[in-house]
Amino acid sequence: MSSLNVEQIRNDFPILEREARKGVRVIYLDSTATSQKPVQVIEAMNDYYRRSNANIHRGVHTLAEEATILYEGARERIAKFVNAAHSREVIYTRNTTESINLVAYSWARANLKAGDLVILTEMEHHSNLVPWHMLQMERGIELDFIPVTEDGLLDLDAYKTLLDRRPKLVSFTHMSNVLGTINPAGEIIRLAHAAGAITLVDGAQSVPHLSVDVQALDADFYAFSAHKMCGPTGIGILYGKSALLDAMPPFLGGGDMIKEVKLRSFRANSLPHKFEAGTPAIAEAIGFGAAVDYLTAIGMDKIAAHEHEITEYALDQLEEIPGVKLFGPAADKKGGVAAFTLEGVHPHDVAQILDQDGIAVRAGHHCAQPLHEKFGIPATSRASFYLYSTKDEVDLLVKGLYKVKEMFG
Amino acid sequence: MDDLYREVIIEHYKNPSHRGKLDPHDFSFADNNPLCGDHIQIDLRVDITGVVTEAMFDGHGCAISQASADLLMESIIGKPLEEVKKLNKQDVLDMLGIDLGPVRLKCALLSLKVLKAGAYGLGEASDDLVE
(Lines give C-alpha, C1' and ligand atoms only; values in the text may rest on other atoms or scores of the structure.)
Protein backbone atom coordinates (compact mmCIF):
# COMPACT_ATOMS: atom_id res chain seq x y z
CA MET A 1 0.00 0.00 0.00
CA SER A 2 1.16 3.52 -0.69
CA SER A 3 1.64 5.80 2.24
CA LEU A 4 -0.01 8.71 0.50
CA ASN A 5 -3.07 10.13 2.27
CA VAL A 6 -5.10 10.54 -0.90
CA GLU A 7 -8.27 11.61 0.85
CA GLN A 8 -6.45 14.50 2.47
CA ILE A 9 -4.72 15.39 -0.80
CA ARG A 10 -8.05 15.49 -2.64
CA ASN A 11 -9.26 18.13 -0.18
CA ASP A 12 -6.57 20.43 -1.59
CA PHE A 13 -8.12 20.27 -5.08
CA PRO A 14 -11.44 22.13 -5.11
CA ILE A 15 -12.19 21.13 -8.71
CA LEU A 16 -12.37 17.44 -7.79
CA GLU A 17 -15.50 18.21 -5.77
CA ARG A 18 -17.43 19.68 -8.64
CA GLU A 19 -20.03 17.90 -10.68
CA ALA A 20 -19.87 17.51 -14.45
CA ARG A 21 -23.65 17.85 -14.36
CA LYS A 22 -26.27 17.48 -11.70
CA GLY A 23 -25.53 14.44 -9.57
CA VAL A 24 -22.51 13.38 -11.63
CA ARG A 25 -19.12 13.96 -10.00
CA VAL A 26 -16.09 14.75 -12.18
CA ILE A 27 -13.72 11.79 -12.46
CA TYR A 28 -10.58 13.43 -13.74
CA LEU A 29 -8.39 10.95 -15.61
CA ASP A 30 -6.60 13.41 -17.89
CA SER A 31 -3.67 14.65 -15.79
CA THR A 32 -1.18 13.84 -18.53
CA ALA A 33 -2.80 16.62 -20.58
CA THR A 34 -2.81 18.98 -17.62
CA SER A 35 -2.95 18.36 -13.88
CA GLN A 36 -5.45 19.93 -11.52
CA LYS A 37 -4.23 22.69 -9.19
CA PRO A 38 -4.23 22.60 -5.40
CA VAL A 39 -5.59 25.52 -3.44
CA GLN A 40 -2.04 26.30 -2.24
CA VAL A 41 -1.01 27.17 -5.82
CA ILE A 42 -4.19 29.10 -6.57
CA GLU A 43 -3.78 31.10 -3.34
CA ALA A 44 -0.11 31.89 -3.98
CA MET A 45 -1.06 33.49 -7.28
CA ASN A 46 -4.06 35.28 -5.80
CA ASP A 47 -1.90 36.63 -2.96
CA TYR A 48 0.61 37.98 -5.42
CA TYR A 49 -2.09 39.89 -7.29
CA ARG A 50 -3.78 41.04 -4.07
CA ARG A 51 -0.65 42.08 -2.19
CA SER A 52 2.52 42.29 -4.25
CA ASN A 53 1.71 42.94 -7.91
CA ALA A 54 4.43 45.02 -9.60
CA ASN A 55 6.87 44.59 -12.43
CA ILE A 56 10.08 42.84 -11.50
CA HIS A 57 13.81 43.64 -11.59
CA ARG A 58 13.66 47.35 -12.46
CA GLY A 59 11.58 49.01 -9.78
CA VAL A 60 13.05 50.08 -6.43
CA HIS A 61 9.74 50.51 -4.62
CA THR A 62 8.42 48.06 -2.04
CA LEU A 63 6.04 46.20 -4.33
CA ALA A 64 8.60 45.81 -7.12
CA GLU A 65 11.11 44.46 -4.66
CA GLU A 66 8.60 42.04 -3.19
CA ALA A 67 7.53 40.81 -6.63
CA THR A 68 11.16 40.31 -7.63
CA ILE A 69 11.90 38.34 -4.49
CA LEU A 70 8.86 36.12 -5.06
CA TYR A 71 9.70 35.57 -8.72
CA GLU A 72 13.38 34.78 -8.11
CA GLY A 73 12.59 32.77 -5.00
CA ALA A 74 10.40 30.49 -7.06
CA ARG A 75 13.27 29.98 -9.50
CA GLU A 76 15.56 28.95 -6.62
CA ARG A 77 13.06 26.34 -5.43
CA ILE A 78 12.37 25.00 -8.93
CA ALA A 79 16.15 24.69 -9.48
CA LYS A 80 16.45 22.76 -6.24
CA PHE A 81 13.49 20.56 -7.19
CA VAL A 82 15.39 19.14 -10.19
CA ASN A 83 18.77 19.55 -8.46
CA ALA A 84 20.24 22.10 -10.87
CA ALA A 85 23.72 23.18 -9.74
CA HIS A 86 22.65 26.82 -9.84
CA SER A 87 19.42 28.72 -10.38
CA ARG A 88 21.06 30.71 -13.22
CA GLU A 89 20.79 27.51 -15.23
CA VAL A 90 17.00 27.57 -14.89
CA ILE A 91 15.32 29.70 -17.59
CA TYR A 92 11.65 30.58 -17.39
CA THR A 93 9.79 29.90 -20.64
CA ARG A 94 6.10 29.52 -21.48
CA ASN A 95 6.14 25.72 -21.49
CA THR A 96 8.12 22.65 -22.57
CA THR A 97 7.40 23.42 -26.22
CA GLU A 98 8.94 26.87 -25.94
CA SER A 99 11.92 25.42 -24.06
CA ILE A 100 12.63 23.01 -26.90
CA ASN A 101 12.16 25.79 -29.44
CA LEU A 102 14.62 27.94 -27.50
CA VAL A 103 17.28 25.25 -27.94
CA ALA A 104 16.32 24.80 -31.60
CA TYR A 105 16.51 28.53 -32.32
CA SER A 106 19.48 29.52 -30.22
CA TRP A 107 21.81 26.56 -29.65
CA ALA A 108 21.00 24.62 -32.81
CA ARG A 109 21.14 27.58 -35.20
CA ALA A 110 24.54 28.54 -33.76
CA ASN A 111 25.91 24.99 -33.79
CA LEU A 112 24.30 22.93 -36.56
CA LYS A 113 24.93 23.10 -40.28
CA ALA A 114 23.67 21.20 -43.34
CA GLY A 115 24.24 17.48 -43.03
CA ASP A 116 24.56 17.46 -39.23
CA LEU A 117 22.57 14.66 -37.62
CA VAL A 118 19.96 15.09 -34.88
CA ILE A 119 18.62 11.92 -33.29
CA LEU A 120 15.05 11.86 -32.01
CA THR A 121 12.78 8.91 -31.17
CA GLU A 122 9.62 7.50 -32.68
CA MET A 123 7.70 8.18 -29.46
CA GLU A 124 8.18 11.96 -29.45
CA HIS A 125 5.43 14.48 -28.85
CA HIS A 126 4.98 16.87 -31.77
CA SER A 127 6.78 19.51 -29.69
CA ASN A 128 10.02 17.55 -30.05
CA LEU A 129 9.50 16.83 -33.73
CA VAL A 130 8.25 19.96 -35.45
CA PRO A 131 11.02 22.37 -34.26
CA TRP A 132 13.52 19.95 -35.82
CA HIS A 133 11.45 19.56 -39.01
CA MET A 134 11.57 23.35 -39.27
CA LEU A 135 15.33 23.37 -38.79
CA GLN A 136 15.67 20.61 -41.35
CA MET A 137 13.83 22.74 -43.92
CA GLU A 138 15.86 25.82 -43.04
CA ARG A 139 19.31 24.33 -42.55
CA GLY A 140 19.30 20.93 -44.21
CA ILE A 141 20.14 19.08 -41.00
CA GLU A 142 19.44 15.36 -41.00
CA LEU A 143 17.01 13.60 -38.67
CA ASP A 144 16.93 10.00 -37.60
CA PHE A 145 14.89 8.19 -35.01
CA ILE A 146 15.44 5.61 -32.28
CA PRO A 147 12.79 2.97 -33.09
CA VAL A 148 10.07 1.94 -30.66
CA THR A 149 9.67 -1.79 -30.09
CA GLU A 150 6.35 -3.64 -30.19
CA ASP A 151 6.13 -3.50 -26.37
CA GLY A 152 6.64 0.25 -26.34
CA LEU A 153 10.31 0.55 -25.38
CA LEU A 154 13.15 2.33 -27.15
CA ASP A 155 15.37 -0.01 -29.15
CA LEU A 156 18.73 0.80 -27.55
CA ASP A 157 20.71 -1.48 -29.86
CA ALA A 158 19.42 0.46 -32.83
CA TYR A 159 20.33 3.65 -30.93
CA LYS A 160 23.93 2.49 -30.54
CA THR A 161 24.12 1.89 -34.29
CA LEU A 162 22.72 5.38 -34.95
CA LEU A 163 25.42 6.84 -32.70
CA ASP A 164 28.09 5.53 -35.09
CA ARG A 165 26.94 8.32 -37.41
CA ARG A 166 28.23 10.87 -34.88
CA PRO A 167 25.07 12.93 -34.20
CA LYS A 168 25.43 16.48 -32.92
CA LEU A 169 22.31 16.28 -30.76
CA VAL A 170 20.17 13.56 -29.18
CA SER A 171 16.76 14.89 -28.15
CA PHE A 172 14.28 12.51 -26.53
CA THR A 173 11.39 12.25 -24.12
CA HIS A 174 12.07 11.03 -20.59
CA MET A 175 8.55 9.64 -20.36
CA SER A 176 6.13 9.01 -23.24
CA ASN A 177 2.80 10.87 -22.98
CA VAL A 178 1.03 7.98 -24.74
CA LEU A 179 2.80 4.74 -23.86
CA GLY A 180 3.88 5.95 -20.43
CA THR A 181 7.30 4.42 -21.06
CA ILE A 182 9.96 5.75 -18.71
CA ASN A 183 13.07 5.84 -20.86
CA PRO A 184 16.53 5.11 -19.42
CA ALA A 185 17.54 8.77 -19.69
CA GLY A 186 20.84 8.36 -17.84
CA GLU A 187 22.04 5.64 -20.19
CA ILE A 188 20.83 7.43 -23.33
CA ILE A 189 22.71 10.56 -22.24
CA ARG A 190 25.88 8.65 -21.31
CA LEU A 191 25.96 6.96 -24.72
CA ALA A 192 25.26 10.27 -26.50
CA HIS A 193 28.11 11.98 -24.68
CA ALA A 194 30.48 9.12 -25.50
CA ALA A 195 29.61 9.72 -29.17
CA GLY A 196 30.26 13.46 -28.78
CA ALA A 197 26.61 14.60 -28.89
CA ILE A 198 24.75 17.18 -26.80
CA THR A 199 21.49 16.01 -25.17
CA LEU A 200 18.06 17.58 -24.74
CA VAL A 201 15.44 15.85 -22.63
CA ASP A 202 11.69 16.49 -22.91
CA GLY A 203 10.73 16.17 -19.25
CA ALA A 204 7.11 17.34 -19.55
CA GLN A 205 5.80 14.00 -18.25
CA SER A 206 8.71 12.92 -16.05
CA VAL A 207 9.24 15.91 -13.73
CA PRO A 208 5.61 15.82 -12.50
CA HIS A 209 5.78 12.13 -11.66
CA LEU A 210 9.34 11.11 -10.83
CA SER A 211 12.17 12.43 -8.75
CA VAL A 212 14.39 14.01 -11.44
CA ASP A 213 18.03 15.02 -10.84
CA VAL A 214 19.44 16.84 -13.87
CA GLN A 215 23.01 16.63 -12.53
CA ALA A 216 22.85 12.89 -11.86
CA LEU A 217 21.44 12.42 -15.38
CA ASP A 218 24.17 14.71 -16.74
CA ALA A 219 21.56 16.25 -19.09
CA ASP A 220 22.78 19.20 -21.15
CA PHE A 221 19.27 20.60 -21.60
CA TYR A 222 16.11 19.54 -19.79
CA ALA A 223 12.65 20.99 -20.50
CA PHE A 224 9.43 20.85 -18.45
CA SER A 225 6.11 22.66 -17.79
CA ALA A 226 4.39 23.81 -14.59
CA HIS A 227 0.85 22.97 -15.63
CA LYS A 228 1.39 19.22 -15.64
CA MET A 229 2.74 19.31 -12.07
CA CYS A 230 0.05 21.13 -10.11
CA GLY A 231 1.20 24.55 -11.33
CA PRO A 232 -0.44 27.08 -13.65
CA THR A 233 -0.39 27.16 -17.46
CA GLY A 234 1.85 29.62 -19.25
CA ILE A 235 5.10 28.86 -17.43
CA GLY A 236 7.79 26.29 -18.07
CA ILE A 237 11.50 25.77 -17.64
CA LEU A 238 14.52 25.22 -19.79
CA TYR A 239 17.36 23.89 -17.67
CA GLY A 240 20.75 24.10 -19.39
CA LYS A 241 24.33 23.65 -18.30
CA SER A 242 25.70 27.16 -17.79
CA ALA A 243 28.68 26.62 -20.11
CA LEU A 244 26.25 25.91 -22.97
CA LEU A 245 23.79 28.66 -22.07
CA ASP A 246 26.59 31.22 -21.70
CA ALA A 247 27.88 30.46 -25.18
CA MET A 248 24.45 30.62 -26.82
CA PRO A 249 23.13 33.73 -28.59
CA PRO A 250 19.96 35.26 -27.10
CA PHE A 251 16.61 33.95 -28.34
CA LEU A 252 14.03 36.74 -28.05
CA GLY A 253 15.22 40.34 -27.82
CA GLY A 254 13.74 43.08 -25.66
CA GLY A 255 13.64 44.38 -22.12
CA ASP A 256 15.25 42.53 -19.24
CA MET A 257 17.50 40.42 -21.49
CA ILE A 258 20.00 43.25 -21.93
CA LYS A 259 22.85 44.75 -19.96
CA GLU A 260 23.08 47.83 -22.11
CA VAL A 261 21.36 49.15 -25.22
CA LYS A 262 22.65 51.75 -27.67
CA LEU A 263 20.76 52.99 -30.69
CA ARG A 264 22.59 50.57 -32.94
CA SER A 265 23.68 47.79 -30.59
CA PHE A 266 23.10 45.94 -27.36
CA ARG A 267 24.95 43.79 -24.84
CA ALA A 268 23.09 40.75 -23.59
CA ASN A 269 22.33 40.26 -19.92
CA SER A 270 23.86 37.43 -17.93
CA LEU A 271 22.06 34.16 -17.17
CA PRO A 272 19.25 33.46 -16.66
CA HIS A 273 17.89 36.86 -17.77
CA LYS A 274 19.59 36.68 -21.18
CA PHE A 275 16.79 34.37 -22.30
CA GLU A 276 13.89 36.13 -20.58
CA ALA A 277 12.91 39.10 -22.74
CA GLY A 278 9.93 41.23 -21.75
CA THR A 279 7.71 41.13 -18.70
CA PRO A 280 7.41 37.45 -17.84
CA ALA A 281 4.54 35.45 -16.36
CA ILE A 282 5.25 36.64 -12.82
CA ALA A 283 2.18 35.27 -11.06
CA GLU A 284 2.62 31.98 -12.88
CA ALA A 285 6.26 31.69 -11.83
CA ILE A 286 5.17 32.26 -8.24
CA GLY A 287 2.47 29.64 -8.70
CA PHE A 288 5.09 27.26 -10.08
CA GLY A 289 7.16 27.82 -6.94
CA ALA A 290 4.13 26.98 -4.81
CA ALA A 291 3.58 23.82 -6.87
CA VAL A 292 7.09 22.50 -6.26
CA ASP A 293 6.69 23.35 -2.56
CA TYR A 294 3.48 21.34 -2.56
CA LEU A 295 4.97 18.32 -4.32
CA THR A 296 8.15 18.47 -2.21
CA ALA A 297 6.16 18.51 1.04
CA ILE A 298 4.32 15.36 -0.04
CA GLY A 299 7.44 13.71 -1.48
CA MET A 300 8.04 12.72 -5.09
CA ASP A 301 8.94 9.16 -4.16
CA LYS A 302 5.60 8.72 -2.41
CA ILE A 303 3.77 10.22 -5.37
CA ALA A 304 5.56 7.90 -7.80
CA ALA A 305 4.76 4.88 -5.60
CA HIS A 306 1.08 5.84 -5.43
CA GLU A 307 0.83 6.32 -9.19
CA HIS A 308 2.53 3.00 -9.75
CA GLU A 309 0.00 1.26 -7.55
CA ILE A 310 -2.95 2.89 -9.34
CA THR A 311 -1.47 2.21 -12.77
CA GLU A 312 -0.83 -1.44 -12.03
CA TYR A 313 -4.41 -1.77 -10.76
CA ALA A 314 -5.82 0.01 -13.81
CA LEU A 315 -3.83 -2.05 -16.32
CA ASP A 316 -4.96 -5.28 -14.63
CA GLN A 317 -8.61 -4.17 -14.72
CA LEU A 318 -8.52 -2.87 -18.29
CA GLU A 319 -6.83 -6.00 -19.58
CA GLU A 320 -9.79 -8.04 -18.35
CA ILE A 321 -12.25 -6.19 -20.59
CA PRO A 322 -12.84 -8.12 -23.83
CA GLY A 323 -11.90 -5.99 -26.86
CA VAL A 324 -9.56 -3.67 -24.96
CA LYS A 325 -6.04 -3.43 -26.32
CA LEU A 326 -3.44 -1.63 -24.19
CA PHE A 327 -0.41 0.16 -25.59
CA GLY A 328 2.95 0.55 -23.89
CA PRO A 329 5.05 -1.55 -21.55
CA ALA A 330 4.10 -3.27 -18.30
CA ALA A 331 3.44 -1.21 -15.17
CA ASP A 332 7.00 -1.53 -13.85
CA LYS A 333 8.41 0.28 -16.89
CA LYS A 334 5.87 3.07 -17.17
CA GLY A 335 4.29 6.05 -15.47
CA GLY A 336 0.60 6.65 -14.77
CA VAL A 337 -0.73 6.41 -18.31
CA ALA A 338 -3.06 3.83 -19.86
CA ALA A 339 -3.61 4.27 -23.61
CA PHE A 340 -5.98 1.79 -25.16
CA THR A 341 -8.37 1.00 -27.97
CA LEU A 342 -11.74 -0.69 -27.64
CA GLU A 343 -12.54 -2.94 -30.57
CA GLY A 344 -15.22 -1.58 -32.88
CA VAL A 345 -15.56 1.78 -31.14
CA HIS A 346 -13.68 4.92 -32.13
CA PRO A 347 -11.79 6.58 -29.22
CA HIS A 348 -13.84 9.76 -29.63
CA ASP A 349 -17.01 7.80 -29.03
CA VAL A 350 -15.42 6.09 -26.01
CA ALA A 351 -14.48 9.45 -24.52
CA GLN A 352 -17.86 10.97 -25.25
CA ILE A 353 -19.83 8.16 -23.66
CA LEU A 354 -17.54 8.11 -20.60
CA ASP A 355 -18.13 11.84 -20.25
CA GLN A 356 -21.78 11.06 -19.73
CA ASP A 357 -20.71 9.65 -16.36
CA GLY A 358 -18.38 12.55 -15.66
CA ILE A 359 -15.28 10.56 -16.59
CA ALA A 360 -12.65 12.70 -18.31
CA VAL A 361 -10.29 10.78 -20.58
CA ARG A 362 -8.43 11.95 -23.64
CA ALA A 363 -9.12 10.66 -27.15
CA GLY A 364 -7.05 11.25 -30.26
CA HIS A 365 -3.41 10.98 -31.20
CA HIS A 366 -2.27 12.99 -28.16
CA CYS A 367 0.13 15.08 -30.26
CA ALA A 368 2.05 11.92 -31.15
CA GLN A 369 0.71 11.12 -34.61
CA PRO A 370 3.82 9.29 -35.89
CA LEU A 371 3.73 6.97 -32.87
CA HIS A 372 0.11 6.05 -33.59
CA GLU A 373 0.99 5.42 -37.23
CA LYS A 374 3.74 3.12 -36.07
CA PHE A 375 1.18 1.04 -34.21
CA GLY A 376 -1.20 1.21 -37.17
CA ILE A 377 -4.00 3.05 -35.38
CA PRO A 378 -5.42 6.53 -35.96
CA ALA A 379 -6.12 7.25 -32.31
CA THR A 380 -6.33 5.89 -28.77
CA SER A 381 -8.26 6.67 -25.62
CA ARG A 382 -6.00 7.59 -22.75
CA ALA A 383 -6.66 7.54 -19.02
CA SER A 384 -3.93 9.05 -16.85
CA PHE A 385 -3.38 9.24 -13.12
CA TYR A 386 -1.79 11.54 -10.58
CA LEU A 387 -1.38 11.89 -6.85
CA TYR A 388 -5.11 12.49 -6.35
CA SER A 389 -6.29 9.49 -8.41
CA THR A 390 -8.04 6.61 -6.64
CA LYS A 391 -8.86 2.97 -7.32
CA ASP A 392 -12.55 3.90 -7.08
CA GLU A 393 -12.06 6.14 -10.09
CA VAL A 394 -10.43 3.28 -11.99
CA ASP A 395 -13.44 1.10 -11.13
CA LEU A 396 -15.78 3.76 -12.53
CA LEU A 397 -13.73 3.90 -15.71
CA VAL A 398 -14.01 0.14 -16.12
CA LYS A 399 -17.74 0.26 -15.48
CA GLY A 400 -18.06 3.05 -18.04
CA LEU A 401 -16.21 1.01 -20.66
CA TYR A 402 -18.64 -1.87 -20.21
CA LYS A 403 -21.41 0.63 -20.82
CA VAL A 404 -19.71 1.74 -24.05
CA LYS A 405 -19.50 -1.88 -25.18
CA GLU A 406 -23.16 -2.38 -24.44
CA MET A 407 -24.12 0.69 -26.43
CA PHE A 408 -22.15 -0.41 -29.46
CA GLY A 409 -23.04 -4.07 -28.79
CA MET B 1 -26.48 12.74 -24.60
CA ASP B 2 -27.99 9.36 -25.34
CA ASP B 3 -29.43 11.32 -28.25
CA LEU B 4 -25.96 11.65 -29.65
CA TYR B 5 -25.85 7.93 -30.13
CA ARG B 6 -29.37 7.55 -31.50
CA GLU B 7 -30.02 4.14 -32.94
CA VAL B 8 -29.86 5.48 -36.49
CA ILE B 9 -26.28 6.66 -35.91
CA ILE B 10 -25.07 3.42 -34.35
CA GLU B 11 -26.82 1.53 -37.14
CA HIS B 12 -25.21 3.52 -39.96
CA TYR B 13 -21.83 3.26 -38.19
CA LYS B 14 -22.00 -0.50 -37.79
CA ASN B 15 -23.76 -1.39 -41.02
CA PRO B 16 -23.11 1.37 -43.56
CA SER B 17 -24.79 0.85 -46.91
CA HIS B 18 -22.44 3.09 -48.92
CA ARG B 19 -19.06 2.11 -47.57
CA GLY B 20 -16.38 1.15 -50.06
CA LYS B 21 -14.74 2.36 -53.23
CA LEU B 22 -16.02 2.89 -56.76
CA ASP B 23 -13.82 1.82 -59.60
CA PRO B 24 -14.15 3.33 -62.11
CA HIS B 25 -15.42 6.62 -60.77
CA ASP B 26 -15.93 10.11 -62.14
CA PHE B 27 -14.76 11.89 -59.01
CA SER B 28 -12.67 10.81 -56.04
CA PHE B 29 -11.82 13.08 -53.13
CA ALA B 30 -10.08 12.44 -49.83
CA ASP B 31 -9.04 14.46 -46.80
CA ASN B 32 -8.29 14.21 -43.08
CA ASN B 33 -9.67 15.83 -39.99
CA PRO B 34 -6.41 17.26 -38.63
CA LEU B 35 -7.77 17.27 -35.08
CA CYS B 36 -8.30 13.56 -34.70
CA GLY B 37 -6.71 12.02 -37.78
CA ASP B 38 -10.04 10.81 -39.17
CA HIS B 39 -9.79 10.11 -42.88
CA ILE B 40 -12.54 10.04 -45.48
CA GLN B 41 -12.46 9.26 -49.18
CA ILE B 42 -15.52 9.76 -51.36
CA ASP B 43 -15.97 8.26 -54.84
CA LEU B 44 -18.79 9.41 -57.13
CA ARG B 45 -20.25 8.39 -60.46
CA VAL B 46 -22.07 11.17 -62.29
CA ASP B 47 -24.14 10.70 -65.44
CA ILE B 48 -24.03 12.83 -68.57
CA THR B 49 -26.65 15.25 -67.21
CA GLY B 50 -24.58 15.86 -64.06
CA VAL B 51 -26.68 13.75 -61.72
CA VAL B 52 -24.96 11.62 -59.08
CA THR B 53 -25.75 7.98 -59.82
CA GLU B 54 -23.53 6.25 -57.27
CA ALA B 55 -21.68 7.43 -54.16
CA MET B 56 -19.41 5.56 -51.77
CA PHE B 57 -17.23 6.62 -48.85
CA ASP B 58 -14.26 4.91 -47.26
CA GLY B 59 -11.96 5.70 -44.37
CA HIS B 60 -11.94 5.56 -40.63
CA GLY B 61 -13.39 7.67 -37.87
CA CYS B 62 -15.82 7.88 -34.98
CA ALA B 63 -19.48 6.87 -35.10
CA ILE B 64 -20.60 10.44 -35.77
CA SER B 65 -18.26 10.97 -38.73
CA GLN B 66 -18.91 7.56 -40.31
CA ALA B 67 -22.68 7.67 -39.86
CA SER B 68 -22.89 11.18 -41.28
CA ALA B 69 -20.81 10.09 -44.29
CA ASP B 70 -23.14 7.16 -44.92
CA LEU B 71 -26.25 9.33 -44.59
CA LEU B 72 -24.70 11.93 -46.85
CA MET B 73 -23.97 9.38 -49.57
CA GLU B 74 -27.53 8.14 -49.33
CA SER B 75 -28.90 11.66 -49.69
CA ILE B 76 -26.91 12.74 -52.75
CA ILE B 77 -27.64 9.78 -55.01
CA GLY B 78 -30.07 10.99 -57.65
CA LYS B 79 -29.21 14.64 -57.05
CA PRO B 80 -27.53 16.95 -59.59
CA LEU B 81 -23.93 17.76 -58.61
CA GLU B 82 -24.84 21.46 -58.70
CA GLU B 83 -27.32 20.81 -55.91
CA VAL B 84 -24.77 18.78 -53.95
CA LYS B 85 -22.48 21.81 -53.97
CA LYS B 86 -25.13 23.77 -52.08
CA LEU B 87 -25.47 21.36 -49.14
CA ASN B 88 -24.51 22.94 -45.82
CA LYS B 89 -24.04 22.27 -42.13
CA GLN B 90 -27.74 22.29 -41.34
CA ASP B 91 -28.48 19.68 -43.99
CA VAL B 92 -26.08 17.26 -42.31
CA LEU B 93 -27.44 18.03 -38.83
CA ASP B 94 -30.95 17.44 -40.13
CA MET B 95 -29.92 14.06 -41.49
CA LEU B 96 -28.37 13.09 -38.15
CA GLY B 97 -31.28 14.54 -36.21
CA ILE B 98 -29.05 15.79 -33.37
CA ASP B 99 -27.38 18.95 -32.12
CA LEU B 100 -23.62 18.90 -31.73
CA GLY B 101 -21.03 20.91 -29.81
CA PRO B 102 -18.12 22.54 -31.66
CA VAL B 103 -15.75 19.57 -31.34
CA ARG B 104 -18.09 16.87 -32.57
CA LEU B 105 -19.45 19.16 -35.28
CA LYS B 106 -16.09 18.76 -37.02
CA CYS B 107 -16.57 14.99 -36.99
CA ALA B 108 -20.06 15.30 -38.47
CA LEU B 109 -19.03 17.73 -41.20
CA LEU B 110 -15.85 16.05 -42.39
CA SER B 111 -17.59 14.10 -45.14
CA LEU B 112 -19.45 17.16 -46.40
CA LYS B 113 -16.21 19.15 -46.48
CA VAL B 114 -14.52 16.43 -48.51
CA LEU B 115 -17.50 16.11 -50.82
CA LYS B 116 -17.74 19.83 -51.51
CA ALA B 117 -13.99 20.31 -51.92
CA GLY B 118 -14.13 17.56 -54.54
CA ALA B 119 -17.24 18.89 -56.23
CA TYR B 120 -15.68 22.33 -56.53
CA GLY B 121 -12.36 20.84 -57.62
CA LEU B 122 -10.40 22.31 -54.70
CA GLY B 123 -7.14 20.94 -53.37
CA GLU B 124 -8.18 20.65 -49.77
CA ALA B 125 -11.29 20.69 -47.64
CA SER B 126 -11.58 23.93 -45.69
CA ASP B 127 -14.04 24.76 -42.92
CA ASP B 128 -15.46 27.63 -45.00
CA LEU B 129 -17.11 25.11 -47.30
CA VAL B 130 -19.59 23.97 -44.67
CA GLU B 131 -20.36 27.20 -42.84
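Author: Before we start, two residues are in contact if their C-beta atoms, placed from the backbone, lie within 7 Å. This is a predicted model, in which local features need pLDDT of at least 70 and side-chain atom pairs count only at pLDDT 80 or more, while totals for chains, interfaces and linings use all residues. Residues are numbered from 1 along each chain as its sequence is written, and chains are lettered from A and ligands numbered from 1 in the order in which they are written.

Reader: OK, which residues is A:His209 in contact with, leaving aside its neighbours within four places in sequence?

Author: With those neighbours left out, A:His209 is in contact with A:Met175, A:Ile303, A:Ala304, A:Glu307, A:Gly335 and A:Gly336.

Reader: And is A:His209 buried or exposed?

Author: A:His209 is buried, because 29 other C-beta atoms lie within 10 Å; the word buried asks for 20 or more other C-beta atoms within 10 Å of a residue's own, exposed for 12 or fewer, and partly exposed covers what is in between, with C-beta atoms placed from the backbone. A:His209 is found in the loop between S8 and helix H8 (214-217) of chain A, where helices (H or I, at least four residues) and strands (E, at least two) are DSSP runs, numbered from the N terminus.

Reader: Which strand do 5 bridges join to S7(A)?

Author: That is strand S8 (residues 198-202) of chain A, which runs parallel to S7(A); two strands pair if DSSP finds at least two bridges between them. In S8(A), A:Leu200 is the bridge partner of A:Ser171. Between S7(A) and S8(A) the chain passes through helix H7 (residues 185-194) of chain A, in a right-handed β-α-β crossover, and right-handed is the word used if, with the strands pointing away from the viewer, the path from the first strand over the helix to the second runs clockwise.

Reader: What about S5 of chain A, how many bridges join it to S7(A)?

Author: Strand S5 (residues 117-121) and S7(A) run parallel and are joined by 2 bridges, with A:Ile119 standing opposite A:Val170 in S7(A). S5(A) is also joined by 5 bridges to strand S6 (residues 142-146) of chain A, again running parallel, and there the bridge partner of A:Ile119 is A:Asp144.

Reader: How is chain A divided into domains?

Author: Domain 1 is 6-30 + 299-408 and domain 2 is 42-297, with bounds that come from an automatic or database domain assignment. Their contact takes 22 residues from domain 1 of chain A and 20 residues from domain 2 of chain A.

Reader: Last one, how many residues of chain A are in contact with chain B?

Author: There are 12 residues of chain A in contact with 12 residues of chain B. Helix H12 (347-355) and helix H14 (391-408) of chain A each supply at least two residues of the chain A side, and H12(A) gives the most, with 3 residues.
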